[in-house]
Protein chains: 2
Amino acid sequence: MPDEIKLAHGGGGSLMNDLIRREILPLLGNNHLDALPDCARLDAPAHPLAFTTDSFVVDPLIFPGGDIGRLAVCGTVNDLAARGARPLALCLAIIAEEGLPLDTLRTILKSLAAAARHAHVHIVTGDTKVVPRHAAASLFLTTAGIGSLHDQLDFTANRIHPGDLLLINGHLADHGIAVMSARPDAAFLTDLTSDVAPLADLVNAVIDRCNSAVKCMKDPTRGGLAACLNELALNVGFVLDEQALPIKPTVRGACDMLGLDPLTVANEGKMLFVVAPDAAPDALDTLRRHPLGRDAAIIGRVDKRAGLVRLRTTLGAERIVDMPYGEQLPRIC
Amino acid sequence: MPDEIKLAHGGGGSLMNDLIRREILPLLGNNHLDALPDCARLDAPAHPLAFTTDSFVVDPLIFPGGDIGRLAVCGTVNDLAARGARPLALCLAIIAEEGLPLDTLRTILKSLAAAARHAHVHIVTGDTKVVPRHAAASLFLTTAGIGSLHDQLDFTANRIHPGDLLLINGHLADHGIAVMSARPDAAFLTDLTSDVAPLADLVNAVIDRCNSAVKCMKDPTRGGLAACLNELALNVGFVLDEQALPIKPTVRGACDMLGLDPLTVANEGKMLFVVAPDAAPDALDTLRRHPLGRDAAIIGRVDKRAGLVRLRTTLGAERIVDMPYGEQLPRIC
């Protein structure tokens, strides 16, 4: 076996089979995957299905607190969780560039496997392609996930009403700043790590306790909390309380230096919960008892000014939080 | 809207939203996708599920008879069909390189939408990422698909027995040679077109007529019929009859010139059927009545020599058909 990926690894021949059998199956194997089906067979689910996909193109592939493998599992598990779904199965499509060191691929797949175990979900089918190398020999991962939904509850934006409260399970913008800090041209040093984590368990705990008082959930990834809230602001508006936003001083410092608004920076282990006001204390308590929610906070409320996201600043002023325009931080996830 | 893809189109902000709303939704929109969910909701299926994924990295993006969009739908629909599944829903993850002309993206998405209509399946959720440009501004598509399986019938390799017959629904190696002919360095001209097509309907027709006499199906894509048969040769062997193989003279000529074995060249609109001998005439008749099976043929049989694929040549000699080693034709799908 060569020690880096060759174009020939993508040819559908014996070299690709060796790669899959020697490198991928020992890490990701399970009853489904071991048979290497082009297509997996799953039992008929008893509940409605959730179905989601994301590609991951993060640069660098390995960053403080995580890597593209962990990201590819958590991103898809969290999209399922945001809809209130329990993950049933994931699939994984690998596009590797020629020259990618096999050691790097192994490290990433090991981390991907650990994240899948943590999220109690298997990779049941997959695909591997190789493309000519770019500047840096890189890797793109695409996961898709199937989840099992509640029969009755559907957590969507049209269930949000004025008066509902906004909760977040911890500090904002850690992921984006941790990835930036790992780039060769980073102008700052930090001990910050990405928050990338699978949130299905945390979300289930909140739903179990608060049921339909949970109106809607969304993970503020690319575009940060600003994009997340602007996408939800269809028939309602949101008011954030700057003082209540959990943002670490190192993140604030890095954002100031880079000219970034932390509200527009990506998170990969955060979930925004929109909750009926009566249930908010219970939701907050549930979050804070969970290892991934210790720094949870109530950060704002829903109001009637449809389409508008506002921030009430520490000094009592108010500013509009716009939808970010384009790419502030390229290849952050 | 700029006339080519910018890094900023991948930022999760308003520029990305514009791209999705103006360019993607008008072509691919449906009840699910129009709400732009990170995660789609599907009714609980009554039958076991099939789940599959493939990435597509074909170069060039547009080739005689098809393009990467049509390929991305057909590849996943055909993986579902090979398991005997009716497609229920697809998801689509786009990785575009900076600089990709929007006109090219439009052409490809239009073709993808047409293929999805042809296959009676919707794209229900998706994702869009942008990466820095490579030599040619390119595009990678990843589709995953959910299908509905028969409750009883499972078409897998362990149902194959000596004496079963091998059928194919038409000419071999058209796709690979058509893609090669579209490359700038192609040393030959041909009017050949790719066979890329969704086969769910054809496969259902054969299953409806022959039921459990259909033992196993597999689409001979990357690595061609040689890789396909070698992967199925676990407990049995196969003998191909060279005289019966449907291969066009232009494909033979191009393969001779390029030093390729047409058995190792990719197909994207072909299905190998392994059928009990009594049912083979019915299966062949069903295939030939279908527009995608007019040139169907019985091309060989199953024997006892486990792990071995042999070709009986026109002259009566016999040669081993090995698993191809690596990449003969890079980025063919």
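**Local features of the predicted model**

Asp164(A) touches Arg159(A), Lys215(A), Val274(A), Val275(A), Ala276(A), Pro277(A), Arg301(A) and Val302(A), leaving aside residues up to four places away in sequence. Contact here means heavy atoms within 4.5 Å. The model is predicted, so local features need pLDDT of at least 70 and side-chain atom pairs count only at pLDDT 80 or more, while totals for chains, interfaces and linings use all residues. Residues are numbered from 1 along each chain as its sequence is written, chains are lettered from A and ligands numbered from 1 in the order in which they are written, and side-chain values use heavy atoms, with hydrogens and water left out.

Asp164(A) sits in the loop between strand S7 (139-148) and strand S8 (165-168) of chain A. Helices (H or I, at least four residues) and strands (E, at least two) are DSSP runs, numbered from the N terminus. Asp164(A) counts as buried because its relative accessibility is 3%. The cut-offs are under 20% relative accessible area for buried and over 50% for exposed, with partly exposed in between (1.4 Å probe, protein chains only). The side chain of Asp164(A) makes a polar contact with the side chain of Lys215(A), at 3.0 Å. A polar contact is a pair of N or O atoms within 3.5 Å; within protein, one must be able to donate a hydrogen and the other to accept it, and residues adjacent in sequence count only if both atoms are side-chain atoms.

In chain B, the axes of helix H1 (residues 14-28) and helix H3 (residues 102-118) come within 8 Å and cross at roughly 30°. H1(B) is therefore roughly parallel to H3(B). Axes are lines fitted to C-alpha atoms, for helices over the stretch in contact, and angles run from 0 to 180 degrees between N-to-C directions. Angles under 35 degrees count as roughly parallel, over 145 as roughly antiparallel, 65 to 115 as roughly perpendicular and the rest as oblique. From H1(B), Leu19(B), Glu23(B), Ile24(B), Leu27(B) and Leu28(B) meet Leu102(B), Leu105(B), Arg106(B), Leu109(B), Lys110(B), Leu112(B) and Ala113(B) of H3(B).

A cis peptide bond joins Asp59(A) to Pro60(A), with omega about 0°. Pro60(A) is in the loop between strand S2 (49-56) and strand S3 (62-63) of chain A. In chain B, Asp59(B) and Pro60(B) are also joined by a cis peptide bond, with omega about 5°.

His120(A) is not a glycine, yet its phi is positive, near 55°. With 70% relative accessibility, His120(A) counts as exposed.
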